[in-house]
Amino acid sequence: MTWRMTDIVSAYTMRWLVEVFFSDWKQYEGWCQMAKQPGIDGSNRGLILSLLTDYALLLHPEQKALLKHNLPALTVGSLRDHICFDAIIIFIQQIINSDNPATSLQECQQQIKNVLPLASSKKHLNHRILGRLEPTPSLKYRKAG
């Protein structure tokens, strides 16, 4: 009852930070989708990993520079994408700078195939037993009547 209307509005705008967190978490991090432990424990671990990732990204040099100058922070998704891109560039530079780039590239391709195997689709119902699809006798009787 002691808050002024402007105090309430100012405090409520902080809720936006919660919404930004939820948006980034759902869109970019998705830790709970990879949870190996279902239920509350699995959800808690996903949230903890997400918060640790967000905290670590606060220490990113570009993020620190923006925050130091009171400028808007970068999104988790854009930082993550840039970090992935930087890793790809470093990977390519290592291949190019190797003694035998062609051999290094072939070795990397094989290692990537070992780490990222192709997986069969589960949504196309391949080799699934669909059960009995013909009508039952009672449904034939119902249709005739």
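Which residues form a nonpolar patch on the surface? Hold that thought while we look at the whole chain.

This is a predicted model. The protein has seven helices and zero strands. Read from the N terminus on, the elements therefore run α-α-α-α-α-α-α. The chain has 145 residues, and 12% of them count as buried. The protein exposes about 13,000 Å². Carbon and sulfur atoms supply 64% of that area.

Contacts tell another part of the story.

Now back to the opening question. The nonpolar patch is formed by Phe85, Ile88, Ile89, Phe91, Ile92, Ile96, Ile112, Val115 and Leu116. Together these residues have about 840 Å² of accessible area. Two elements give two or more residues to the patch: α5, which spans 76-96, and α6, which spans 101-115. Helix α5 provides the largest share, six residues.

Look at one member up close. Val115 is found in helix α6. Is Val115 buried or exposed? Val115 has a relative accessible area of 63%, so it counts as exposed. The cut-off for that label is over 50%.

Next come the charged pairs. How many salt bridges does the structure hold? The structure holds two. One links Arg4 with Asp7, and their closest N and O atoms are 3.0 Å apart. Arg4 is exposed, because its relative accessible area is 54%. Asp7 comes to 28%, so Asp7 counts as partly exposed.

The other salt bridge joins the side chains of Asp81 and Arg80, at 3.1 Å from N to O. Asp81 has a relative accessible area of 40%, so Asp81 is partly exposed. Arg80 stands at 33% relative accessibility and therefore also counts as partly exposed.

How many disulfides does the structure hold? The structure holds zero. Cys84 is partly exposed, because its relative accessibility is 43%. Cys108 has a relative accessibility of 15%, so Cys108 counts as buried. The cut-off for buried is under 20%.

The model shows seven helices and zero strands. A nonpolar patch lies on the surface, with α5 giving the largest share. Two salt bridges are present, and disulfides number zero.

Terms used. Residues numbered from 1 in each chain as written. Predicted model: local features only at pLDDT ≥ 70, side-chain atom pairs only at ≥ 80, totals over all residues. Heavy atoms only, no water. Patch = residues over 30% accessible without salt bridge, like charges linked within 9 Å, V, L, I, M, F, W, Y side chains within 5 Å. Areas by Shrake-Rupley, 256 points an atom, 1.4 Å probe, with all protein chains shown as cover. Salt bridge = Lys/Arg side-chain N within 4 Å of Asp/Glu carboxyl O. Helix = DSSP H or I, 4+ residues; strand = E, 2+ residues; numbered from the N terminus. Buried < 20%, exposed > 50% of the residue type's maximum accessible area, 1.4 Å probe, protein only. Disulfide = S-S within 2.5 Å.
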